[in-house]
Amino acid sequence: MTTLVGVTKCPVGIAHTYMAAEKLEQAAKKLGYDTVKIETEGASGTENTLTREEIVNADAIVFGADVAVDDIERFDGQKVVFGDTTSAIKDAKSLIEQYENAPVYHTKANAQEEETEKSETSKGQQNPLVKQLLNGVSHMIPFVVVGGLFIALSIAFGGHPTSSGMVIPKGTVWSAMNQVGTLGFTLMIPILAGYIADAIAGRAALAPVMISALVSNSPDILGTKAGTGFLGAILIGFAGGYLVKWINTWKIPKDLRPIMPIFVIPLLGTAILSGAFIYLLGGPISWLMTALEAMLKSLSANPSTSILLGGIIGLMVASDMGGPINKVAFLFGVASITANTPQIMGMVACCVAVPPLTVGISTLINGKNYSKDEKSAALPAVLMGLIGITEGTIPSATANPKRVFPSILIGSAVAGAMGAIFKITDVVPHGGPIVGVLGATNNLLLFLLAIVIGVTAGVVVMTVLQNRAVKKGKANLD
């Protein structure tokens, strides 16, 4: 009796997870294995969970996983073939046949493991860094969707434009919904960072990375006007993950090992990561924001540069989607209202809707060329764009940066320039079509036209880039 066991897992946990498992089962039977058990770690949970005994007694172990496998310590000391879902689906037989020369897997980082990762990448399999990033994205998306939709619905049905922004009366169901949505958005950042780190170093990395991600987005702690946004979360996720992975290589007395993941690593990791952002990165972030604000002020002083100003505001709004650069442009627009120059806020209002509308509409009209992860976030992105929530772009931008960023930067810059040309004004510190519909702009039709032109430019660029990537086999369609 010969036995083959394995694990399949894709970022979304739907189609490819089960397709890879089926192909491995079929190939194993053809190769003569009497018993086959494939653990599937899908969106609905883990099925056919492998025990340590089954793993140790198996004649072959094969992974078809694009992201980190749960409880990978079970496989310590066993020969493992590390493949992704694509290789399992396309040629499961060849993947299984690699077992004879497969390396022994060890949970602790060592030269052999690093060499294995390099070997996998050189064979054309998905880069480990991409797997780690996608692990964070797949866990983050439900928080973005729920948070964004709750905020969008609460503003659409309960919001009123005022001089201090879109206000929802307290004590109403819309106020409660808005607060729930805000909590979802707040959790989005630590979830993204935490599960990037989890894919690198396991559960011990969750606490220090999640806490530090919240620190990186707390202006009061950093001493800045805005946090670092999702870009800071990605930085902390990778830095924290590899920091914990390095700590795990320390030679610790056997009696002290149990307290490492529950006490030493969380305490030391949080101190190092949070300290780095507070004392090393807080100053540069503040300096950058001040410099960008000074640049915007110099451009706004000259009416002849208004179109250029609109384009630059568009680039800033789209560059980090709620991060410090975006916040500088937004706060500059807010300040312009009190300075009786609401044209600048008008440019901002045109831009903020473009990134989420671009990725959402591009995905909806060209769905076959996008992953299920991106398609699931498309409609929420459109709804968030209509309400002026730029953060609706984050899931797609994180998972597909090479195509998303050029598209939203161009589209947002075009919208900002058109807002300047049409001399759009906005007397409410908020943006997107919602403020025009509620009467906060001076010309609703031209305001909407500026947004439509910007979105059209972004959609065209994104469609061309995505279709080209699909033809070349460079797009992740899982």
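Ile262 sits in helix α10 (residues 260-300); helices are DSSP runs of H or I with at least four residues, numbered from the N terminus. Ile262 counts as exposed because its relative accessibility is 68%. The model is predicted: local features need pLDDT of at least 70, side-chain atom pairs count only at pLDDT 80 or more, and totals for chains, interfaces and linings use all residues. Residues are numbered from 1 along each chain as its sequence is written, and side-chain values use heavy atoms, without hydrogens and water.

Buried means under 20% relative accessible area, exposed over 50%, and partly exposed in between (1.4 Å probe, protein chains only).

| Residue | Relative accessibility | Class |
|---|---|---|
| Ile262 | 68% | exposed |
| Leu183 | 55% | exposed |
| Thr463 | 19% | buried |

Leu183 belongs to helix α6 (residues 173-201). From Leu183 to Phe277 is 94 residues in sequence and 23 Å in space, C-alpha to C-alpha.

Thr463 is part of helix α20 (residues 444-471). Beyond its neighbours within four places in sequence, Thr463 touches Ser362 and Asn366. Contact means heavy atoms within 4.5 Å.

Now a helix pair. The axes of α5 (residues 128-158) and α16 (residues 378-386) come within 9 Å and cross at roughly 35 degrees. Axes are lines fitted to C-alpha atoms, for helices over the stretch in contact; angles run from 0 to 180 degrees between N-to-C directions. On the α5 side, Val144, Val145, Gly148, Leu149 and Ala152 make the contact. On the α16 side, Pro380, Leu383 and Met384 do.

Key:
Helices (H or I, at least four residues) and strands (E, at least two) are DSSP runs, numbered from the N terminus.
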